[in-house]
Amino acid sequence: MDLTLNILYFAFFLISSLIFLKLLMASNLEKFFKQGKIFEIRIMMIFLSFILAFLFSSSITKLIETLYNIIMK
């Protein structure tokens, strides 16, 4: 079960990081930065997308593990 959860976590992390990055790029977060700070804005969006993807992936895999343990025991 551990290998399956690790594979699921990695898949959820990759997919959700791309989704969150796309969502952050569509948002209007540029107003919090000085004008012309494009590199800093991109770094912040990538960093935020990884944080959100980590939280999402961890919660989904923990939910799957908990449901598995409840059903199988």
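**Entry: L29 and its surroundings**

I began with the contacts of L29, taking contact as heavy atoms within 4.5 Å, and with its neighbours within four places in sequence left aside I find L24, M44, M45 and L48. The structure is a predicted model, in which local features need pLDDT of at least 70 and side-chain atom pairs count only at pLDDT 80 or more, while totals for chains, interfaces and linings use all residues. I note also that residues are numbered from 1 along each chain as its sequence is written, and that side-chain values use heavy atoms, with hydrogens and water left out.

L29 lies in the loop between helix 1 and helix 2, where helices (H or I, at least four residues) and strands (E, at least two) are DSSP runs numbered from the N terminus. With a relative accessible area of 18%, L29 is buried; the classes are buried under 20% relative accessible area, exposed over 50% and partly exposed in between, with a 1.4 Å probe and protein chains only. I also looked up its separation from M1, 28 residues away along the chain, and the two C-alpha atoms are 40 Å apart.

**Entry: the nonpolar core**

Which residues make up the largest nonpolar core? I list L24, L29, I41, M44 and M45, 5 residues in total, a nonpolar core being a set of buried Ala, Val, Leu, Ile, Met, Phe, Trp, Tyr and Cys residues joined through side-chain atoms within 4.5 Å. Helix 2 (residues 38-72) supplies the largest share of this core, with 3 residues. For L24, again leaving aside neighbours within four places in sequence, I find contacts with L29, M45, L48 and S49.

**Entry: the two helices and the chain**

I count 2 helices and 0 strands in the protein chain. Helix 1 has 25 residues and reaches 36 Å from its first C-alpha to its last, close to the 36 Å expected at 1.5 Å a residue, the expected span being 1.5 Å times one less than the number of residues. Helix 2 has 35 residues and reaches 50 Å between its end C-alpha atoms, close to the expected 51 Å.

The buried residues of helix 1 are L5, F13, S16, S17 and L24, and they pack against helix 2. In helix 2 the buried residues are I41, M44, M45, S49, A53, S57 and T61, and what covers them includes helix 1.

For the whole chain, I note a radius of gyration of 16 Å, whereas a compact globule of 73 residues would have a value near 11 Å; the radius is taken over C-alpha atoms, and the globule rule is 2.2 Å times the number of residues to the power 0.38. Along its principal axes the C-alpha trace spans about 55 × 15 × 15 Å. Buried residues make up 18% of the 73 residues, and among contacts between residues at least 6 apart in sequence, 77% join residues at least 24 apart.

S16 is found in helix 1 (residues 2-26) and is buried at a relative accessible area of 4%. A polar atom of its side chain lies 2.6 Å from the backbone oxygen of F12. Not counting residues up to four places away in sequence, S16 touches A53, F56 and S57.

S57, found in helix 2, has 0% relative accessibility and therefore counts as buried. With the residues up to four places away not counted, S57 touches Y9, F12, F13 and S16.

**Entry: aromatic rings**

How many aromatic pairs does a search of the whole structure find? The search returns 4, where rings of Phe, Tyr and Trp (its six-membered ring) pair if their centres lie within 6.5 Å, and planes under 30 degrees apart count as stacked, over 60 as edge-to-face and the rest as tilted. Y9 and F13 form a stacked pair at 6.2 Å centre to centre, with 20° between the planes. These two are 4 residues apart in helix 1, so about one helical turn separates them.

F13 also stacks with F50, at 5.8 Å centre to centre and 20° between the planes. F13 lies in helix 1 and F50 in helix 2, so this pair ties together parts that are 37 residues apart in sequence. I note that F50 is partly exposed, with a relative accessible area of 42%, and that Y9, at 25% relative accessibility, counts as partly exposed. Ring pairs link Y9, F13 and F50 into a cluster.

Definitions and conventions: Polar contact = N/O pair within 3.5 Å; in protein donor to acceptor, adjacent residues only side chain to side chain.
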